[in-house]
Amino acid sequence: MSTSALGLGLAGTIALLTTLAVLVIPFRLRPTISGAGTALVGTAGLAAGAAALAGQSFTLPLPSLLPLSGLSFAVDPLSGVFIAVTGAVAVAAGIYAIGYTSHSGTSRAAAAVLPLFVASLLAVPAAASVATLLACWELMALTSLLLVLTEHKQRPEVAEAGLWYAVMTHLGLVCLLGGLMIFTAHAGGDSFAALAAAAPELSPALKGAVFVLALAGFGSKAGMVPLHAWLPRAHPEAPSHVSALMSAAMVNLGIYGIIRVGFGLLGGGSTWWWLLVIGLGAASAVYGILQAAMSTDLKRLLGYSTTENMGLILVGVGAAGLFASAHHPELAELALAAALLHVANHAGFKTLLFLAAGSVLHATGTRDLDSLGGLRSAMPATTLAFGWGGLAASALPPGTAFVSEWLLVQALIHGLHGATTATAVTLPLAVSAVALTAGLAVATFVKAFGTGFLAKPRTADAAAARESPATMLAGMGLAGAACAALALVPGALLPAIGRAVAAAGWPGPVIRYGTNGLVTIRLAGLAGEVSPLLLTLGLVIVMVATAAWLRALPARRAQGARRRARLWDCGGGPLTARMEYTATSFAEPLQRVFDDVVAPETRLDVTHLDEARYLVAAIEYRAQVPDRIERRLYQPILSAVAAWGSAARWLAPGSVHRYLGYGFYTVTAVLIILTVTR
Amino acid sequence: MNALGITGGVIQAVVITGGAPLLTGVMRQVRAKLEGRKGPGVGQPWRDLRKQFRKEAVAPEGTSEIFRVAPLALVATTVVTAVVVPFVTSASAVEPMADLFAVVALLAMGTATLALAAIDTGTAFGGMGASREVTILALVEPTLLVSIFALSVPAGSTNLAAIVAATLNDPGRVLSPASMLAAIALTVVTVAETGRIPVDNPATHLELTMVHEAMILEYAGPDLALIELASSMRLCVFLGLLASLFAPWGIAASPTPLALAIGTAAFAAKVVAGGAVLAAAEVFMAKIRLFRVPELLAGSFLLAVAAVASSYFLAGAS
């Protein structure tokens, strides 16, 4: 039995045992057992994923476990990437959950479901048949829904977010079910092997329909625009360790599905599929980061940033498909490797950021950036964690996203040689979307970190913040260390990514390493190399040298402690926290620049005095940036459905006679139709 | 990594650190002469720096370590860029760091750190400057990357040494439409990134118009000196980048003393000429409103896209 199978089996067993244990043990022990069990499930999953990445694949049919179709599991390096990432996220989130839930409290159901959720996340990429995939997918949706609803008693918004999530995840499931069932019906078998074997014989139109349905289903899980509406609602309302699991592990499975179905089962396909994927990915990236830049809710901001990063990954996946259909396998490999590396990188920094945001929420009780500030002195470890995560998310060296976005842009740039006109138009636009995203990500995370953690506290809650307990810090520490490793020595992960790319349909790794081992990433066959470690070392050396030189300056009067000085207040007396720039005011220039895209809403209410309408008693100004796609696309549909429902209400007034009448007329109508058509 | 590159890296670090304040001095002097003033002389920025470095370091109330580390980070990003980009020699000191994206990201990193330090002061000025600076940064990034795209297509690489070598092999390439469009786009980017007129006015201290100056309002003494030094070095690096990308002639291709001397002199001449042109152009321009800046940057972005399009379609035709 291979290590990967053993690890997955162990993960499932531990998850079931933990769930059963949590259901019976007393209240006090619940957070510890649930969190520790989740971390163990994650460890087993990480081991299984690592073994799969090392080349240990297995197939395990379990025909009797589910009636009619049976379950079957198989693991290859491609699933290994997603299993390992999920496992690693679960380790950090599980340890963090011990401290987080023992202070904020958790229901028995939520504590029991957490390990099951992780197990279902591990099972989805291991599924080897349509029935297994759909069963695990639905298990994942239901467990995550329960977890999102954990705090519904404390806050009414949670229930609304849960409703959005439940509806959209099931609409996604309907799309998946439709697409994969059509595929299965024409392929004559529901195992992935049978589907892949039958795919070349199917008509292009059918394959296109299957792909579009699968893209809609999987894309909605990945938060792809315009199917993202649930994501910025559900992710912030869930407890923070669950947000981390959802945002760093669950959304990835949407990407996994698109890669598996598009490349593995359908075997590539037409150019227009991948142009569609690139277009949707670029739209998601730009729209997501734009909304994140406007957002003042810390966790909502992170949720939109997830949409952005999934968009970037989709650009990579789409570019891989485009290059593959244009017969440039080496570029296709590079683009897919960039996408998969970004999956791992995004998981690392998003876990860190959500855990740090949870720590802030835990300490201050608010997620509103406009009422935070000054947390750096009270919560140094959390500040460090969020700062490191923000750096990683904003594609600046020495952050993790820098490496994967570098690879992605390299693939896009080199694709212009010998490109068709469609490709030549798409690639520059994709590069500019990636570039705009990178620039706005810097603005977003400077805003989030600067206004949330630096400067003066804006409210009493923020001023009274205290550092989080040790388990929460340990969870953040693990995620932070993973980010550092991914950022500085990405070469350690790239061979494994190369095997995963090969498993998705192309042979051989394209990314090679310089003579100095893991330090330099060099692209084989393409001129391009970068070394994040050397860059970081260079920066650190110059910084230390400059600091030492400053210290050695002979003319400095006061060595050691600096003299404290007043801030420049224009002579107007001491500055208060109300004079600071807030997150809203920080984003205002960007909001004005992108006015036409985000369409902010402002309301100005002026109340006049009763005596004279020329004298103003009060002025109330409200500004908000609604999700425009939600406003324009979802609201009309929702109101149309509601109108249809109320219009149909007169049909059902509650009279039994009338219902019997409906039955009678329907049967008569059917009989008449049958008689006429026979 | 070879002898040529390493010698070049050392020379560049020394020349740019020592010469950047002089470049600022030259630009101010050109402006002064054109405006009919006498001007303080080319050495004035160095005299200012010497005075600042001798002062006592202060810590404004309520600021944290971020505020104190930011000047160091700004200097570090600029010095690393100055070392690795092939300015004086055609080889880079550290080849895997001379990627155009890495260089651009490094420079953006310095800006972002300074913006964080500005927010850290908790004053309205700091927040205002930081907010404006990152807005401009976010809008400059697409132009920058798409111009890089256009320049790297003919060279087949985003490595600066490769681009410079490709231009030296085929000098006519500089006059291709792609290269000229990219040059205009990158010039606008340079103006925006280094805070020059018409995007930002380095000489202003008026609340409504400050961008860079608002961010560094709380700095004094050695910290301020570091930031001033790094800012003039950034200007030097950007002008040098334009020179290396679009006019790499005179650059040293072998590590002989003569070639290195010629390379250094050519680099200095090109940067000073670029700076003088920039300063002279500033005399005839006014700073534009902050909310007109996006229009300028959108224009430069369109030029960059046109550069990519022409590099594809014209290269495809030949």
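Before we start, please keep in mind that the model is predicted.

**Domains of chain A**

How do domain 1 and domain 3 of chain A meet? Here, 8 residues of domain 1 of chain A are in contact with 5 residues of domain 3 of chain A.

Look for R233(A) and E630(A), whose side chains meet in a salt bridge with an N to O distance of 2.2 Å. On the side of domain 1 of chain A that touches domain 3 of chain A, the residues divide into 6 nonpolar, 1 polar and 1 charged. There are also 2 residue pairs in polar contact between domain 1 and domain 3 of chain A, counting pairs with both residues at pLDDT 80 or more.

**Where chain A meets chain B**

Now move to the interface of the two chains. In this interface, 75 residues of chain A are in contact with 76 residues of chain B. The buried area between chain A and chain B is about 6,500 Å², and carbon and sulfur atoms give 75% of it.

Across the interface of chain A and chain B there are 3 salt bridges, along with 15 residue pairs in polar contact, both residues being at pLDDT 80 or more. Which parts of chain A supply the touching side? At least two residues each come from α16 (400–414), α17 (421–453), β5 (529–530), α21 (532–552), β6 (563–565) and α22 (583–593) of chain A. The largest share, 16 residues, comes from α17(A). Sorted by class, the side of chain A that touches chain B has 49 nonpolar, 15 polar and 11 charged residues.

Strands take part here too: β6(A) pairs with strand β1 (residues 58–60) of chain B in the parallel sense, over 3 bridges. In this pairing, R563(A) stands opposite V58(B) in β1(B).

**Salt bridges by name**

Over all chains, a search of the whole structure finds 23 salt bridges.

| Residue with N | Residue with O | Distance |
|---|---|---|
| R233(A) | E630(A) | 2.2 Å |
| R376(A) | D120(B) | 2.0 Å |
| R563(A) | E56(B) | 3.3 Å |

Why does the pair of R563(A) and E56(B) join two chains? R563(A) lies in strand β6 of chain A, while E56(B) lies in the loop between α2 (44–54) and β1 of chain B, so the pair joins two chains.

**Backbone details**

Most residues other than glycine have a negative phi, and most peptide bonds are trans.

The peptide bond from P397(A) to P398(A) is cis, with omega near 5°. P398(A) lies in the loop between α15 (380–393) and α16 of chain A. In chain B, a cis peptide bond joins I197(B) and P198(B), with omega about 10°. P198(B) is found in the loop between α7 (177–193) and α8 (212–215) of chain B.

Finally, A455(A) is not a glycine, yet A455(A) has a positive phi of about 60°. You will find A455(A) in the loop between α17 and α18 (460–463) of chain A.

Technical notes: Residues numbered from 1 in each chain as written. Chains lettered and ligands numbered in written order. Predicted model: local features only at pLDDT ≥ 70, side-chain atom pairs only at ≥ 80, totals over all residues. Heavy atoms only, no water. Contact = heavy atoms within 4.5 Å. Salt bridge = Lys/Arg side-chain N within 4 Å of Asp/Glu carboxyl O. Polar contact = N/O pair within 3.5 Å; in protein donor to acceptor, adjacent residues only side chain to side chain. Nonpolar A, V, L, I, M, F, W, Y, C, P; charged D, E, K, R; others polar. Buried area = accessible area lost by both parts, 1.4 Å probe. Helix = DSSP H or I, 4+ residues; strand = E, 2+ residues; numbered from the N terminus. Pairing = 2+ DSSP bridges.
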